[in-house]
Amino acid sequence: MEFILVQTLSGLASAASLFLVASGLSIIFGVTRIVNFAHGAFYMLGAYMAFTLTDRWTGAFGFWGAIIAASLVVAVLGALMEMVLLRRIYQAPELFQLLATFGVTLMVQDIVVLIWGPEDLMGPRAPGFTGAVTVFGRMVPSYDFLLIALGPVVLGLLWLLFHYTRWGVLVRAATQDRDMVAALGVNQKWLFTSVFALGVFLAALGGALQIPRTTVSHSMDLAIIVEVFVVVVIGGLGSVLGAFVAAIIVSELNAFGILIFPKISLILVFLVMAVVLVIRPWGLFGKPESAPRPAAGLSIRPWRPFTPAERIAVAVGVFGAAVLPFFLGNYALTVGAEILVFVLFAASLHFLMTVGGLASFGHAAYFGLGAYGAAFLVKFTGAPMEAALLVGPLMGLAGAVVFGWFCVRLSGVYFAMLTLAFAQIAWSIAFQWVDVTGGDNGMLGIWPSTWASSPRGFFWLALGIAVVGVGILRVLVFSPFGYGLRASRDSALRSEAIGIDRRSMQWVAFIVAGTFAGISGATFAFLKGSVFPDFLGIPTSVDGLVMVLLGGIETVSGAVVGAVVYKALAIWLMSQTDLSKLVLGAIIVLLVVAFPKGIVGFLEDLRYRLRPPRANGAGPKTAGYGIAKVEAAE
Amino acid sequence: MTALLDVRNLAKSYGGVHAVRGVSFSLEAGQILALIGPNGAGKSTCFNMLNGQIRPNAGSITLAGQDITGLAPRVVWRKGVGRTFQITATFASMTVRENVQVALLSHHGKLWAAFRYAGAAYLKEAEALLALVGMEAQAARPCGELAYGDLKRLELAIALANDPKLLLMDEPTAGMAPKERVDLMRLTAGIAREKGIGVLFTEHDMDVVFEHADSVMVLNRGELIATGSPEAVRRDPQVRAIYLGDGLLYDAKHREGDAA
Amino acid sequence: MKKIIGSALAALVLATGAASAQQGEIKVGEINSYSALPAFTEPYRKGMELALKEINDAGGIKGKKLVIISKDDGGKPGDALTAANELVSRDGVVLLAGGFLSNVGLALADFAKQKKVLYIAAEPLTDAIVWSKGNDYTFRLRTSNYMQAAMLAEEAAKLPAKRWATIAPNYEFGQSFVAAFKELLTKRRPDVEFVAEQWPPLGKIDAGPVLQAIDAAKPDAILNATFAGDLVKLVREGNTRGVFKDRAVVSYLTGEPEYLDPLKEETPAGWIVTGYPWYSIKTAAHQAFLDAYQQLHKDYPRLGSIVGYSTVKSIAAVLTATDDHSTDGLAKAMKGLKVDTPFGSIVYRAADHQSTLGAYIGTTGIRDGKGIMVDPVFREGAAYLPSEADAAKLRPAN
Ligand SMILES: Nc1ncnc2c1ncn2[C@@H]1O[C@H](COP(=O)(O)OP(=O)(O)OP(=O)(O)O)[C@@H](O)[C@H]1O
Ligand SMILES: [Mg+2]
């Protein structure tokens, strides 16, 4: 009994820092709708900054002053980022801000190493809170009590702030309805900036308060960011109370879960999130999201298939790629094959995102399942490469059938987070089930058949698979199925009212995307000769997202270009410098600002401006459009 | 002969708000019925229940003798009910023609075809529907750049794609210029009479209502307070008192820009 | 659109430039997790630099300059394979070396087997790399999981403790270490029992609940295999909660400066650890290394420095041992190769390709506010390996 109480206390202490960071993320999302990937980076910066300041200022005042000062400094950095970077891209398609903040995260990871050095840093313990309090004969660190108290205190302060200040009321109003606040004549810019600063402050405070418990290191951000997202989603986006409750649930389940399943920590939060989202699609305290932002005005130029001239150009391009093996060396060809694999992976995600309107944060699951499917066939049945390439992706398909069925019941960020949860569950199975999957050591010796074992042969194989795959996906875009799918993306209301079964269509799209991801994964397994759990990991999913966004979310096949550019850049930077994250992050940020419609979207804009299609002046051009805008805001 | 649409005791409440209560009426094929009432009276809620978008708390909806209460919109649509929305809902990433083509593909059950070019499907029918609403010249234009009045006409074309027996039109002319409103309703009425489609529509512009409606129902705070011919409703003292007040009934201009 | 692939590839080739193969150079490839694990790979790199400088200052390999081309793997096996491929196919290196993480090491080992290149695994600790997944072209330098488990189990067996609890990071490294330790300790002490185990995820230990769970099982002794940030959390939390009081703790790798230094004055006293007490090693070989290292880098060495230094020394040794720099020639020369390291001379065993590099074992303590290993003793690696005949049986027949 005493033990249970003490374990509960430990869980509560862990919940506190999780809550601080999560509440910041939740507030930011609620008002600005930004999925702030850089939140973990600010958490880490808070810790580093606090380390530096507590090193300078000693004594109790010094310590606590340093914690607050560090959080404030980082909050200013956050506000700067919002003003310099995010303000420029609020109008860009949704998720673009995610890409931008992801770029910032990459940069920060390298920057902290440059500033603070590679070694783990250990800060001082909190003055006055170095000892322990004996509870039922067991010792509980007094700092734990401080953290336990801090959670409700911060929650209470936020509540007061939101209910008793004009600013707070505005923030709540904006969380409910952004347009309404704009209509009230409030300076939205500064509201957003201040909200962002508050959110970042909470993240930094969460980081700074970690100093007395652990070392500060450059991988702190990744260790927390995903967990924080999960907490926010379980609690319900935009709900601070939800974040509080979710942090406690997750931490307590972990504290007690490890007593029965010592290995549960790895996966627990994702299991909880999957269960919560399946039962309560908007999290514990969240409200149903209003219909996703209307697509109107985003993609003013309807898609069309290639013209004959463009077809010839594409054919020439494919031919050009096909003769590359006669000019390039082995290494370039292997890199080329890797790029081609990711072209198909990105194209499959692109199909789901742009045509289906479903942004998956866990697409790597199907890539990885395809890869493991192929590896299982080779290892357990001795199947040749050809058979494994055909049958292996079926595992990606099967995964998509099962996971997709649950996921398409949700939309927006909740959909994204459920896909993430399933991907993490798949990852943890690959990671834990050592007897079958080899755990983190992966499965080795998955080499291609002799005819494809030369870099040249494999390049052609990968090219063939990518061309056929991307081709099929393109055909699907312009097929009745693609139109129906796009219709349900454009307007759920209208599509349902003309007999389109949105869920089934999206489910099938999910399966199609998963299968093609599986095909690319299986190809990748043979390219690398091995499979590892990180194939299903979050970084792989994020890579896919970046490729799609970079290519252009409103294009038909932009992902192809996005994948080529991103992958080539990533491989090249990796080989050239140890600061590849810094450079890559900076490039992503620049691209986001310079090409908010993605590379292909930008090129299309350019072409359209240089050579507008035949003017079709019929009908009044703008009369009534203003009314439309107002109506839409009604 | 059973009525095309028969509604009995329809009710819906949101929390404490009775958006609609005890609404009953019926509609014959080829009949044009107007549902009017002040803002927030529950008109859109009625429409949304009729096409299945929201589930009524009580009451029944019968379409040509078949109970359709609580069916999903897409099922209701398959039974021959087309609708337009108060705030237009179209497919912004497609051309005008493609908007209609999608509806046609759905109507013909061809949406699952995966390896055909949808842009070439049912071209003739799509052109014909667009011509019917006077949009043939704009067929190739991106839907996203249409003027609002044109969007409303496009919605009508989409709503007609499944050869509906019943057309539900929620403020079909809101946001249009006065002349456009009259034109559109004239067009609709013509099509409905010719094809024998039953039409239920709501409208704030009384000129439009009284010119075309065979019969008018007045909704106030979720309850029907009057039903009858336009003339009878116009004279109904209760209607005048509660809703129409002092002469607003005759002064369409007064409500100009009301949609905003 | 495929056009763009072509031009991108072309750009890639132009930009990286064809590596010029100069006469009188021998190029070797090296891969490590520089960007992902800089805390461990920086000292390693510095060790390599020292060895390289010494070798080339002394005339290189029979008059030819030794050139090391280093690549980052970002901590991912897949990227390590890309790098390996670049080194072998484009840069034309004669052999590969490096690796920190076990899964990266195993991936590179498999690459070596497939592409028939020699691979000298520097830091990966997994036993599989030389045993269950060993191959003809892979050799491993560092004192392995099994060897260090054996050294620690020997000490653990001397303790009176009967009830043991284990804490290890939840991945293959932790799992295989704990398994080896359990087996070896039980062999020496059939009377011990393992009463609790905790497997926190790497880098994400929730130390309070984990320690509380361990404490609840009332063990006499604790085996720890967490390291880096996890270790710091564990130590702070455990010290405050008094979980380590009156309990023996055997802790893997904790004596390495990489992990011990961050603990500073909070270093727990009396833990039995393996590690690298550079401050109290008095052998001539080490002293020479220490002086040279401090002179070159103005910093003290970490264990990674020893590994990096010895890796390059091994490379030089094998390249000097034979003039046949084909893979088969090198692999043949690696078998039984003798190399002098700061820890004394080692041999790459012919039967299982494991080097006999030993390790220091001692107990933790504090001096001048810094954690140190007290009374460290060196354990010869050879003594803690199965016999060559037995080890050969652990390898796959191929
Ligand atoms: N989803 C909802 N939740 C809560 N209340 C609602 C909801 N939808 C409608 N209402 C309320 O129900 C009542 C009827 O709304 P409805 O939209 O049907 O009116 P209407 O007659 O169409 O008005 P208008 O002329 O402005 O379009 C209103 O009081 C409205 O506030
Ligand atoms: Mg309405």
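In this predicted model, a polar side-chain atom of B:Thr45 lies 2.5 Å from an oxygen atom of ligand 1. Two other residues of chain B, B:Lys43 and B:Ser44, also place polar atoms beside oxygen atoms of ligand 1, through the backbone in the case of B:Lys43 and through the side chain in the case of B:Ser44. The table sets out these distances.

| Residue | Part of the residue | Distance to an oxygen atom of ligand 1 |
|---|---|---|
| B:Lys43 | polar backbone atom | 2.8 Å |
| B:Ser44 | N or O atom in the side chain | 2.7 Å |
| B:Thr45 | polar side-chain atom | 2.5 Å |

Taken on its own, ligand 1 has 630 Å² of accessible area, and the protein covers 61% of that area.

**The shell around ligand 1**

Which residues come nearest to ligand 1? There are 13 residues around the ligand, and those that come nearest are B:Gly40, B:Lys43, B:Ser44, B:Thr45 and B:Gln86. When the residues of this shell are sorted by class, 7 are polar, 4 are nonpolar and 2 are charged. Among the elements of secondary structure, helix H1 of chain B, which spans residues 43-50, gives the most to the shell, with 3 residues.

**How the chains meet**

Chain B and chain C, by contrast, do not touch, and their nearest C-alpha atoms are 21 Å apart.

The contact between chains A and C draws 83 residues from chain A and 75 residues from chain C. Together the two chains bury about 7000 Å² between them, and 62% of this area is on carbon and sulfur atoms.

What polar and charged pairings cross this interface? Between chain C and chain A, 27 residue pairs are in polar contact, counting pairs in which both residues are at pLDDT 80 or more. The interface also holds 5 salt bridges, one of which joins the side chains of C:Glu266 and A:Arg125, with 3.5 Å from N to O.

On the side of chain C that touches chain A, the largest share comes from helix H1 of chain C, covering residues 2-16, which supplies 11 residues. The residues on that side of chain C comprise 28 nonpolar, 26 charged and 21 polar ones.

Key. Residues numbered from 1 in each chain as written. Chains lettered and ligands numbered in written order. Predicted model: local features only at pLDDT ≥ 70, side-chain atom pairs only at ≥ 80, totals over all residues. Heavy atoms only, no water. Contact = heavy atoms within 4.5 Å. Buried area = accessible area lost by both parts, 1.4 Å probe. Salt bridge = Lys/Arg side-chain N within 4 Å of Asp/Glu carboxyl O. Polar contact = N/O pair within 3.5 Å; in protein donor to acceptor, adjacent residues only side chain to side chain. Helix = DSSP H or I, 4+ residues; strand = E, 2+ residues; numbered from the N terminus. Nonpolar A, V, L, I, M, F, W, Y, C, P; charged D, E, K, R; others polar. Near = heavy atom within 4 Å. Areas by Shrake-Rupley, 256 points an atom, 1.4 Å probe, with all protein chains shown as cover.
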